[in-house]
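Open the structure in your viewer and get ready to select residues by number. Switch to a cartoon view to begin.

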Amino acid sequence: MYLLIIISIIGSAICNPLNYEYDDIRNVRDENYVLPGESFPSSYDVRLFLNPNVLETFSGDVSITLSPVRNTDQIVLHAMEMQINSISIASVAAPQVNIFSNHTIATDDTHFLRIGTTRAMIAGQNYTLQISFVGRFADNMFGIYLSTYEEPGVGVERLITSQLQPTFARRAFPCYDEPSHKAIFTTTIYAPPEYTVVRTNMPLRTDLSKPEVPGFRKYEFQNTLIMSTYLLAFLVSKFEHISNEQSPIYNVPFKVFSRPGTQNTAAFALDFGQRNMIALENYTEFPYAFPKMDKVAVPDFAAGAMENWGLVVYREVALLVRDGITTTNTRQNIGRIICHENVHMWFGNEVSPVSWTYTWLNEGFANFFENFGTDLVLPEWRMMDQFVLLLQGVFQNDAVLNVNPMTHAVFTPSQIIGTFNAVAYQKCCCLDLVDGMFSGKCAQFFAAIRNGISLLDGRP
């Protein structure tokens, strides 16, 4: 996630120096904020009813296939700011027997949803957990939220989008909301018929199975690859788009969505975005994994952009270029941001930190490659020469007494968001890679990841 300066400042303020050892804090904090690891999900089937004309709430249900790693009569997962309407749980081997007993939902910032069963679930067996819920649109743009824009001749138009990193997938639907708990996601969105652009990470599927609901249009999407919860994204809008359908540079369907009437400002993102993806594939020697790439420019967004796999969301000013108005410096920054998010398709999405203690593994790699990868496409911008200026700033940021180390244990949501600061982005990008260090080894590295090694523990 390419955060704006203000968020980095806030993060730095939240994340004060931590004068403790990792093992000491584990004994104190893990049981309060980290999932107990008694069960793990393998797949989610999520249905969301997203109506921009309803200003406060949305509804949905989720079916989670999970497996306990030890015999237990409790499931612990996350849910935030939502009302639970119903819960059932049954063994896949005996789906007619509901063993749900009770549930409690935390009112503190652990956000734990604890579900009890009438008898112990058996380690290694698969169970289906079904939850129906009502969620609230986020008023701070973290979670699923409403945004608005002014449409000439029409008035105010609404749209729904999302920002789930780092700990806000739990605000969209009940889930195991830690990066190590990866799973396959199947998403169905129900939206009013007048909102014709409904997108998520994957393309629409043809083998439809979900029921129709009066007053809504149904959009069933293909299954994702195995991925973390924070990489999901949703869009319900009246946007328009340009695409590479007629003249593809890149062999993956590539679209840029934005407000009606702004499509001429999306040309740079379409052209540079494709050429940058080609350059990154050539450098890593590993193809992009998803069957589409959408870029979306929204008016209100908490970050500069977010690397949701297959549906990257940007703040408008971080994606759209107006010829004759946008300065060269701003155009270069937009190029860097597009490259930063493209790099995350490999560093962050294919391979992920085992926990947010290692945020720098995501952001340090992406921050280095946003310069190096842009230089691969537009060498006349001399981005790696400009990178030296960033290095000078890092020395200044690292000289203060209260700077946090690259790897330090974080558990609470406020501690986690505090790791998205200058250390994770600017300092770590200066330490991560140099030209040629990884070239020629990336293919084997990512192949190992896709074959089952899905986490990267950056602990020294």
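This is a predicted model: local features need pLDDT of at least 70, side-chain atom pairs count only at pLDDT 80 or more; totals for chains, interfaces and linings use all residues.

Stop 1: Strands of a sheet pair through backbone hydrogen bonds, either parallel or antiparallel.

Stop 2: Select residues 39-49, strand β1, and residues 57-68, strand β2. They run antiparallel, and 10 bridges join them. Which residue in β2 is the bridge partner of V46? Look for V62.

**Stop 3: two helices.** Select α3 (residues 267-284) and α5 (residues 359-377). Their axes are 9 Å apart, and the packing angle is about 105°. The two helices are therefore roughly perpendicular to each other. Show side chains at the contact. From α3, pick out F272, R275, N276, A279, L280 and Y283. They meet F369, F372, G373, T374, L376 and V377 in α5. By class, this contact has 8 nonpolar, 3 polar and 1 charged residues.

**Stop 4: R205.** Go to the loop between β11 (197-199) and β12, where R205 sits. Its side chain makes a polar contact with the side chain of D207, at 3.0 Å. A polar atom of the R205 side chain also lies 3.0 Å from the backbone oxygen of F221. Beyond its neighbours within four places in sequence, R205 is in contact with T186, E220, F221, Q222 and N223.

Key:
Residues are numbered from 1 along each chain as its sequence is written. Side-chain values use heavy atoms; hydrogens and water are left out. Two strands pair if DSSP finds at least two bridges between them. Helices (H or I, at least four residues) and strands (E, at least two) are DSSP runs, numbered from the N terminus. Axes are lines fitted to C-alpha atoms, for helices over the stretch in contact, and angles run from 0 to 180 degrees between N-to-C directions. Angles under 35 degrees count as roughly parallel, over 145 as roughly antiparallel, 65 to 115 as roughly perpendicular and the rest as oblique. Contact means heavy atoms within 4.5 Å. Ala, Val, Leu, Ile, Met, Phe, Trp, Tyr, Cys and Pro count as nonpolar, Asp, Glu, Lys and Arg as charged, and the others, Gly among them, as polar. A polar contact is a pair of N or O atoms within 3.5 Å; within protein, one must be able to donate a hydrogen and the other to accept it, and residues adjacent in sequence count only if both atoms are side-chain atoms.
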